[in-house]
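Thanks for coming. Please have the sequence and the model open while I talk.

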Amino acid sequence: MLRHKNFRSSDELKEFLQSSVPSDAYCSCACYEDPEADMDRKGWLGADLVFDIDADHIPTPCDKFHDNWVCGVCGLTGKGFTPSECPVCGGEKFEVSTWPCEVCLDSAKTETVKLLDMLMLDFGFSGKDIHVFFSGHRGYHVHVESEAAKGLDAIARKEIVDYITGLGFDVFFHGLDKKSLRETPPSQSSRFEFGWRKRLALGMKNFIRSAKEENLRRIGLTKKKAETILEHRDVILKNWLNRGTWGAVKGIGFETWRKIAEQSAKLQSASIDTVVTTDIHRLIRLVGTLHGKTGLKKIEFSVSAIDDFDPFKSAVAFKTGAVIVYVSDAPEFRLGDEVFGPYKKQRVELPTAVAMLLVCKGRGEVIESNV
Ligand SMILES: [Zn+2]
Ligand SMILES: [Zn+2]
């Protein structure tokens, strides 16, 4: 690690990177009076508000096919999502092998879209202060560079994190109480105001509209209650849209609505890495550099382009050449327009970017380059 560096120009930085060739490069999200001083003497002036959305924190249906973990204490192995603690010894350190999979990255993108929506609509940050990046591996970074955010301390940032993740969310404060089951709220439009009240109202509508019996059972509803809701789905939604009340169906009481509301809120919240945002000294990958685990670039794209953004095209750094690689194990994957793999203990000639990805992920070794 080479830390506490300070560069006067981008050329100076480039020269340093070219001569030291690090596997990963980071910069601080903070501004300091003296960046080269010891940590406690740097003179903190403020920090960008940064968010990290990583597929590692989002369970997906495919993680059991491409991810595995080994407990660093007892050696237990498992497939899929890494648990917070080992089910056998309670250890919290794991060796994890993941894959930058398309499905996982899409779910990270969905979370990023929710985050961006909250930052702009609920917090009022302007689009020009918000920068969004592909991280180069399994997720997205969002940086808010605004005077309003710069001076926020760790506690203020934790409040923002709680809002975005819906921590401590209580439906009672967001328009769902026993009264709202029967009566139209004083102002019809109040349910669509903004913030969590609006998110909850829209979330419940979307959840009920698309729910299947298993979704309702999974949140703790009895078979009978789930069937009743599905049977009266149209009436419930019509009542909600026309009158702004939820309690339209006999036999469905407040507790059931509360379960639906809590699940809807969970689906509306965004999965972010909470530790990153609250850290006012955070180091974050330097934009334009390659990720050491993939050889893909951390790149910025515009907020409005997020739906069509394709990391497996835009972040490819090596565009020419081919390499012969011995691949120990890799799932099927796409890079650019081409699909590769799956590979198992085989020798294969691959485009440079693909070979780089496999080598960086520890799945392959170069046998011959410049073929
Ligand atoms: Zn263990
Ligand atoms: Zn996946």
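I will go through the metal sites, then the salt bridges, then a helix pair and a few backbone details.

A word on conventions first. This is a predicted model, in which local features need pLDDT of at least 70 and side-chain atom pairs count only at pLDDT 80 or more, while totals for chains, interfaces and linings use all residues. Residues are numbered from 1 along each chain as its sequence is written, chains are lettered from A and ligands numbered from 1 in the order in which they are written, and side-chain values use heavy atoms, with hydrogens and water left out.

Let me start with the zinc ion (ligand 1). Which residues hold it? The protein donors are Cys-71, Cys-74, Cys-86 and Cys-89, each through SG, lying 2.3 Å from the ion. A donor here is an N, O or S atom within 2.8 Å of the metal (3.2 Å for Na, K and Ca); water is not among the atoms, so sites may look incomplete. Along the chain, the donors of ligand 1 follow the spacing C-x2-C-x11-C-x2-C. The 4 donor atoms subtend angles of 104 to 114 degrees, so the arrangement is tetrahedral. For four donors, that term requires all angles to lie between 85 and 135 degrees. As a reference, the ideal angle for four tetrahedral donors is 109.5 degrees.

Are these cysteines buried or exposed? I can give two of them. Cys-86 counts as buried, at 3% relative accessibility, whereas Cys-89 is partly exposed, with a relative accessible area of 35%. The cut-offs are under 20% relative accessible area for buried, over 50% for exposed, and partly exposed in between, with a 1.4 Å probe and protein chains only.

Now the zinc ion (ligand 2). Its donors are Cys-62 (SG), His-66 (NE2), Cys-101 (SG) and Cys-104 (SG), at 2.1 to 2.3 Å. The spacing along the chain is C-x3-H-x34-C-x2-C. Helices (H or I, at least four residues) and strands (E, at least two) are DSSP runs, numbered from the N terminus. Cys-62 is buried, with a relative accessible area of 12%, and Cys-104 is buried too, at 1%. The 4 donor atoms around ligand 2 subtend angles of 103 to 115 degrees, which makes this arrangement tetrahedral.

Next, salt bridges. I mean a side-chain nitrogen of Lys or Arg within 4 Å of a carboxyl oxygen of Asp or Glu. How many are there by this rule? The count comes to 15.

One of them joins Lys-158 to Asp-162, with the closest N and O atoms 2.6 Å apart. The two residues are 4 residues apart in helix 5 (residues 154–165), so about one helical turn separates them. Lys-158 is partly exposed at 35%, and Asp-162 is buried at 18%.

Helix 8 (residues 223–231) holds Lys-223 and Glu-227, again 4 residues apart, about one turn of the helix. They form a salt bridge with the closest N and O atoms 3.4 Å apart.

Asp-337 forms a salt bridge with Lys-313, the closest N and O atoms being 2.9 Å apart. Asp-337 lies in the loop between strand 13 (333–335) and strand 14 (338–340) and Lys-313 in helix 12 (residues 311–314), so the pair ties together parts that are 24 residues apart in sequence. Asp-337 is exposed, at 68%, and Lys-313 is partly exposed, at 41%. Elsewhere, Asp-56, Asp-67 and Arg-138 are linked in a network of salt bridges.

On to the helix pair. Helix 3 (residues 102–122) and helix 6 (residues 195–210) pack at an angle of about 135 degrees, with their axes 10 Å apart. Axes are lines fitted to C-alpha atoms, for helices over the stretch in contact, and angles run from 0 to 180 degrees between N-to-C directions. Helix 3 and helix 6 are therefore oblique to each other; angles under 35 degrees count as roughly parallel, over 145 as roughly antiparallel, 65 to 115 as roughly perpendicular and the rest as oblique.

Last, the backbone. The peptide bond from Gly-341 to Pro-342 is cis, with omega near -5 degrees, and Pro-342 sits in the loop between strand 14 and strand 15 (343–351). Val-21 has a positive phi of about 40 degrees although it is not a glycine. Val-21 is in the loop between helix 1 and strand 1 (26–28), and is exposed at 62%.

Key: Four donors count as tetrahedral if all angles lie between 85 and 135 degrees; four count as square planar and six as octahedral if opposite donors are over 155 degrees apart and all others between 65 and 115; anything else is irregular.
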